[in-house]
Amino acid sequence: SMSGSPVVSGSGTTLTFTSTAGFDGTAPTPGPLIRFYFRASQGETVNGADDNLNGISDEGELVRSDLSTGAEIVISSAVDMNGSGFVMNGTGVTITLASFGSLDRRYGSFGVSRNLTVYPRN
């Protein structure tokens with residue numbers, strides 16, 4: 001992304017930045033706006049309940065969207081909406097992705113989480 005362009009919004013659920021389209025000989029040229037965001041899965045609401053009755057509450061997905069074309073790609077599903085998000089960290093963005101699944105309704109679910117900080121460069 002273009003340095004200085006990342007913006008985190010939606011209480012940490014959305015990251016938007018200007019992509020780099022190329023180089024004009026003296027500086028990078030801006031490309032389209034790209035958005036990554038977390039959204040609740042079909043039939044699910046982030047409310048602490050298992051709304052879609054699959055044994056897991058508050059699951060969602062991570063989506064990449066090109067705002068110039070409207071094209072969207074689901075990058076990951078089975079995302080724990082309460083444990084995932086974006087946070088500005090100086091000149092970087094810390095991304096936390098938590099995922100979980102149901103072992104068996106009798107035993108609950110398991111979860112994993114990973115975070116990393118990325119730094120935009122032209």
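Predicted model: local features only at pLDDT ≥ 70, side-chain atom pairs only at ≥ 80, totals over all residues.

Reader: How many helices and strands does the secondary structure of the chain come to?

Author: Helices (H or I, at least four residues) and strands (E, at least two) are DSSP runs, numbered from the N terminus. By that reading the chain has 0 helices and 8 strands, and its C-alpha trace spans about 60 × 30 × 20 Å along the principal axes. Of the 122 residues of the chain, 32% count as buried.

Reader: What share of the contacts in the chain between residues at least 6 apart in sequence join residues at least 24 apart?

Author: A contact means heavy atoms within 4.5 Å. Among the contacts between residues at least 6 apart in sequence, 36% join residues at least 24 apart.

Reader: How many aromatic pairs does the count come to?

Author: Rings of Phe, Tyr and Trp (its six-membered ring) pair if their centres lie within 6.5 Å, and planes under 30 degrees apart count as stacked, over 60 as edge-to-face and the rest as tilted. By this rule the count comes to 2 aromatic pairs. Phe-17 and Phe-36 form a stacked pair, with 6.1 Å from centre to centre and 20° between the planes. Because Phe-17 lies in strand β2 and Phe-36 in strand β3, this pair ties together parts that are 19 residues apart in sequence. Phe-17 counts as buried, at 15% relative accessibility. Phe-38 and Phe-86 form a tilted pair, 5.1 Å centre to centre with 35° between the planes. Since Phe-38 lies in strand β3 and Phe-86 in strand β6 (residues 85–89), they tie together parts that are 48 residues apart in sequence.

Reader: How many salt bridges does a search of the whole structure find?

Author: Side chains of opposite charge can pair when their charged atoms come close. A salt bridge is counted when a side-chain nitrogen of Lys or Arg is within 4 Å of a carboxyl oxygen of Asp or Glu. The search of the whole structure finds 2 salt bridges. In one of them the side chains of Arg-39 and Glu-61 meet at 2.7 Å, N to O. Arg-39 lies in strand β3 (residues 28–40) and Glu-61 in strand β4 (residues 59–66), so this pair ties together parts that are 22 residues apart in sequence. Arg-39 is partly exposed at 28% relative accessibility, whereas Glu-61 is buried, with a relative accessible area of 17%. Arg-39 also forms a salt bridge with Glu-72, the closest N and O atoms being 3.2 Å apart. Glu-72 is in strand β5, so the pair that it makes with Arg-39 of strand β3 ties together parts that are 33 residues apart in sequence.

Reader: Which side chain of opposite charge is nearest to Asp-66?

Author: For charges, Lys and Arg count as positive and Asp and Glu as negative, while His and the chain ends are not counted. The nearest side chain of opposite charge to Asp-66 is that of Arg-64, 5.1 Å away, and Asp-66 is buried yet has no salt bridge. Asp-66 is found in strand β4 and touches Pro-32, Leu-33, Ile-34 and Ala-71, not counting residues up to four places away in sequence.

Reader: Where does Ser-11 lie?

Author: Ser-11 lies in the loop between β1 (7–9) and β2 (14–23). Although Ser-11 is not a glycine, its phi is positive, about 55°, and Ser-11 is exposed, with a relative accessible area of 83%.

Notes. Residues numbered from 1 in each chain as written. Heavy atoms only, no water. Buried < 20%, exposed > 50% of the residue type's maximum accessible area, 1.4 Å probe, protein only.
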